[in-house]
Amino acid sequence: MTVQSNVHSKRVQELETDVVVIGGGPAGIAAAIASGRQGARTVLIERYGFVGGMSTAAMVYPWMTFHTDRGEQVIKGIAQEIVDRLQACGGSPGHLRDTVGFVHTLTPYHPEIYQVVATDMLREAGVKLLLHSFVDEVHTAEGRITAVRITSKSGKLDVRAQQFVDTSGDADVAYLSGAEIVQGREGDRQSQPMTMKFRMRGVDLAKVKQYIQAHPEEFYEKTPVAELDRIPLTGVSGFYSHWKRSGVPINRDQVLFFTGPADDEVLINCTRVQGLDATDAEDLTLAEQEGRKQVLMMAEFLQRDVPGFERASVSAVAPQIGIRESRRIIGRYTLAKEDVTSGRKFDDRIARSGYPIDIHDPSGKGVAAAFISGDGAYDIPYRCLLSRNIANLLAAGRCISTSHEALATTRLTPSCMATGQAAGTAAALSVLHTVDPAELSVALLQEKLRLGNAVI
């Protein structure tokens with residue numbers, strides 16, 4: 001028998017560019033668009049065959065929140081451009097009142113339309129998009145990344161660049177490069193639970209609304225019950241007694257779902273997979289399996305016990321489990337809980353957020369919240385995006401430098417988009433001015449962000 005070797009599998013091709021963004025979720029999309037618009041040659045690498053990250057692959061829906069609890073919009077820029085373009089093609093109704101009552105607004109969107117809008121914007125910015133491409137190796141020299149190696153249908157490819165932006169969500173590039181990282185909460189490294197999200201069609205939302213109005217004690221204390229006759233139902237948190245009686249073996253204390261995109265459709269955010277590491281392949285495998293079992297249990301409970309769900313059925317389950325927390329970089333500053341709750345302002349701010357701290361207990365049933373004082377918004381400093389020991393690495397999205405508590409607000413999608421725009425702009429400017437990101441003029445970066453309609 002003759003054994004032939006495949007020489008193509010051993011050949012490593014090369015691609016040269018200015019900026020590489022790894023991870024095509026909301027942060028990566030914004031980072032790549034921002035970089036391309038500054039004139040830098042930009043490559044965006046994404047492991048799936050579509051962009052959107054947690055917003056599409058894990059059905060993280062809706063986007064929360066672009067505003068403070070007083071209604072001031074503090075996130076605009078590329079994030080708002082995306083919403084505007086979605087509205088223009090029927091992919092979003094825009095910012096609506098949050099009827100859960102936890103935040104001021106939320107932003108529903110159609111995930112399939114979002115994918116198309118995002119790829120159109122990437123193309124318009126001159127970004128080279130590489131889908132079905134997984135980074136499995138990072139080359140470094142003297143504290144700098146020289147290239148990332150990806151594996152794809154085409155074999156191995158080394159993508160060389162001057163600046164790299166990690167928007168992988170799990171700080172994969174930072175980890176592979178030897179950057180200093182942390183994981184989970186301080187002390188035991190436990191992370192917020194993972195959630196397998198799913199949609200149900202055939203829900204009688206009028207009946208759900210009537211039940212809320214008749215039994216307000218069964219729902220979150222800030223639910224705007226008195227307003228439900230004049231605003232659309234966008235989210236529900238409660239059915240406490242139904243859940244308590246159900247006996248469903250999921251470690252939580254309430255039912256949570258959001259409405260849309262269709263008139264009879266809801267997105268269920270109720271499964272809870274705890275104690276597993278989203279960066280460990282075996283743990284992640286177990287999480288996916290457990291999450292899908294919980295979907296079936298939740299659907300059966302809703303159909304049997306919750307008013308309005310009698311004729312509902314599962315219409316879609318997320319391609320992957322949703323991950324709230326895993327690895328993040330140690331940056332030149334670590335955003336702390338006190339920075340958020342005090343509404344702290346920073347001279348090197350590159351984004352703002354009005355979303356409160358929202359910690360889903362890593363081991364218990366509840367959710368711990370801490371709200372923002374002052375004007376209802378806090379600043380995210382540029383230093384949180386800068387790796388402490390890898391000179392040409394920036395982070396954006398879920399893996400910026402924060403404490404466990406502060407991550408529970410910066411991880412939300414609009415904030416990820418805002419830090420993405422800042423990281424992509426900074427990476428491109430660093431190339432154009434031949435400096436490391438830490439040496440870049442913050443005043444120049446802030447000027448460019450303002451020109452891009454970012455709120456800082």
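Me: How many salt bridges does the rule give here?
Reply: The count comes to 28 salt bridges. A salt bridge is a side-chain nitrogen of Lys or Arg within 4 Å of a carboxyl oxygen of Asp or Glu. This is a predicted model, where local features need pLDDT of at least 70, side-chain atom pairs count only at pLDDT 80 or more, and totals for chains, interfaces and linings use all residues. Residues are numbered from 1 along each chain as its sequence is written, and side-chain values use heavy atoms, with hydrogens and water left out.

Me: What makes Asp188 and Arg185 a salt bridge?
Reply: Their closest N and O atoms are 2.8 Å apart. The limit is 4 Å, so the pair qualifies.

Me: Why is Arg230 called exposed?
Reply: Buried means under 20% relative accessible area, exposed over 50%, partly exposed in between (1.4 Å probe, protein chains only). Arg230 has 64%, so it is exposed. Its salt-bridge partner is Glu227, at 3.7 Å, N to O.

Me: Why is Glu227 called partly exposed?
Reply: Glu227 has a relative accessible area of 21%. That value lies between 20% and 50%, so the term is partly exposed.

Me: How do you know that Glu325 and Arg328 are buried?
Reply: Glu325 has a relative accessible area of 2%. Arg328 has 0%. Both values are under 20%, so both residues are buried. They form a salt bridge, with the closest N and O atoms 3.5 Å apart.

Me: Which residues are linked in a network of salt bridges?
Reply: Glu72, Lys345, Arg352, Asp375 and Asp379 are linked this way.
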